[in-house]
Amino acid sequence: MARHVLSKDKYEFDVFISHASEDKDDVARPLALLLQERGLRVWYDEFEFRIGDNLIAKLNAGIDDSRSGILILSNDFFGKNWTEHELNRLENLAVTDNRVLFPIWRKITEAEVRGYRASLADIFGRSTATHTVIEIAKEIYEIISEFDVLDFGR
C-alpha cells in the first residue's frame with residue numbers, strides 16, 4: 001500500500017473534517033476535539049475560519065494541506081454545495097495522491113449513500129448508529145498514527 005506518501009512533514013494537517021452544519025454538534029465538533037486532544041493536527045472550520053477569510057481559498061488550502069479527509073455523511077451533507085465542493089476535491093486527492101478518506105455515516109443507510117454517491121458506499125466506514133464518536137476517533141487516530149510508522153520505515 002502506498003500510504004507512505006502521506007508523510008507528516010509534507011502536510012500541515014493530519015485530517016480535514018467535511019460536514020454539514022446540522023452534524024456539527026453531535027459528531028463534527030466532538031470528533032474534532034477528540035482527535036485534537038490525541039495530538040492530531042485537525043482542519044475543522046471552527047478552528048480555522050477568521051473574519052475576512054476567503055471561504056473557497058481557505059477550504060481548498062485546508063483540503064490540499066491535509067493527509068486525509070473525514071466525511072460525515074448524512075442526508076444534510078448531500079444537500080449542500082459546500083460539502084459537495086469538499087467531497088469532489090477530497091475524492092480527487094484520494095485518487096491522484098493516495099489520500100485516505102474516512103466516511104462516517106450519520107442517520108443514513110448504505111442504500112442512501114449509494115444513491116447519492118456510489119463510490120462512497122464502497123469505502124469502509126463507520127456508522128454513528130453502531131459506534132460512538134469516541135470509538136470512531138480512536139480508530140481514526142490509530143490509522144493516522146500508522147502513516148508515520150509506514151513513512152518512518154521507508
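Residues are numbered from 1 along each chain as its sequence is written, and side-chain values rest on heavy atoms, with hydrogens and water left out. Because the model is predicted, local features need pLDDT of at least 70 and side-chain atom pairs count only at pLDDT 80 or more, while totals for chains, interfaces and linings use all residues.

## The sheet

Helices (H or I, at least four residues) and strands (E, at least two) are DSSP runs, numbered from the N terminus. Two strands count as paired if DSSP finds at least two bridges between them. In general, the strands of a sheet pair through backbone hydrogen bonds, either parallel or antiparallel.

Here five strands form an open sheet, with parallel pairing and the order β2-β1-β3-β4-β5. Its edge strands are β2 and β5 (126-127), each of which pairs on one side only. Strand β1 is joined to β3 (residues 68-73) by three bridges, and these two strands run parallel.

Helix α4 lies across β1, β3 and β4 (100-105), and runs at about 145° to β1. For that angle, axes are lines fitted to C-alpha atoms, for helices over the stretch in contact, and angles run from 0 to 180 degrees between N-to-C directions. Contact means heavy atoms within 4.5 Å.

## S18 in strand β1

Which strand holds S18? S18 is found in β1. With a relative accessibility of 0%, S18 counts as buried; the classes are buried (under 20% relative accessible area), exposed (over 50%) and partly exposed (in between), with a 1.4 Å probe and protein chains only.

Leaving aside neighbours within four places in sequence, S18 is in contact with I70, L71, I72, F77, T83, E86 and L90. With E86, the side chain of S18 makes a side-chain to side-chain polar contact at 2.5 Å. A polar contact is a pair of N or O atoms within 3.5 Å; within protein, one must be able to donate a hydrogen and the other to accept it, and residues adjacent in sequence count only if both atoms are side-chain atoms. S18 and T130 are 112 residues apart in sequence, and their C-alpha atoms are 20 Å apart in space.

## Helix α3

Helix α3 (residues 55-64) has L59, N60, G62 and I63 among its buried residues. These residues cover an arc of only 160° around the axis, which puts them on the same side of α3. The arc is that of the directions from the helix axis to the C-beta atoms. The cover over the buried residues of α3 includes β1 (15-18), β2 (42-43) and α4. At the start of α3, a side-chain oxygen of N54 comes within 3.2 Å of the backbone nitrogen of I56.

## Salt bridges

A salt bridge is a side-chain nitrogen of Lys or Arg within 4 Å of a carboxyl oxygen of Asp or Glu. How many salt bridges does the structure hold? There are 18. Three of them are listed here.

| Salt bridge | N to O distance |
|---|---|
| K24 and D45 | 2.9 Å |
| K58 and D53 | 3.4 Å |
| E91 and R117 | 2.6 Å |

The salt bridge of K24 and D45 links distant parts of the chain: K24 is in helix α1 (residues 24-37) and D45 in helix α2 (residues 45-48), 21 residues apart. K24 is buried, at a relative accessible area of 12%.

In the pair of K58 and D53, K58 is partly exposed at 24% relative accessibility, and D53 is partly exposed at 26%.

E91 and R117 form another salt bridge. E91 lies in helix α4 (residues 81-97) and R117 in the loop between α5 (110-116) and α6 (118-121), so this pair ties together parts that are 26 residues apart in sequence. E91 is buried at 15% relative accessibility, and R117 is buried at 17%. Elsewhere, salt bridges that share partners join K24, D25, R29, D45 and E46 into one network.

## Two residues with positive phi

Most residues other than glycine have a negative phi. N98, which is not a glycine, has a positive phi of about 60°. N98 lies in the loop between α4 and β4 and is partly exposed, at 35% relative accessibility. K107 has a positive phi near 50°. K107 lies in the loop between β4 and α5. Is K107 buried or exposed? K107 is exposed, with a relative accessible area of 66%.
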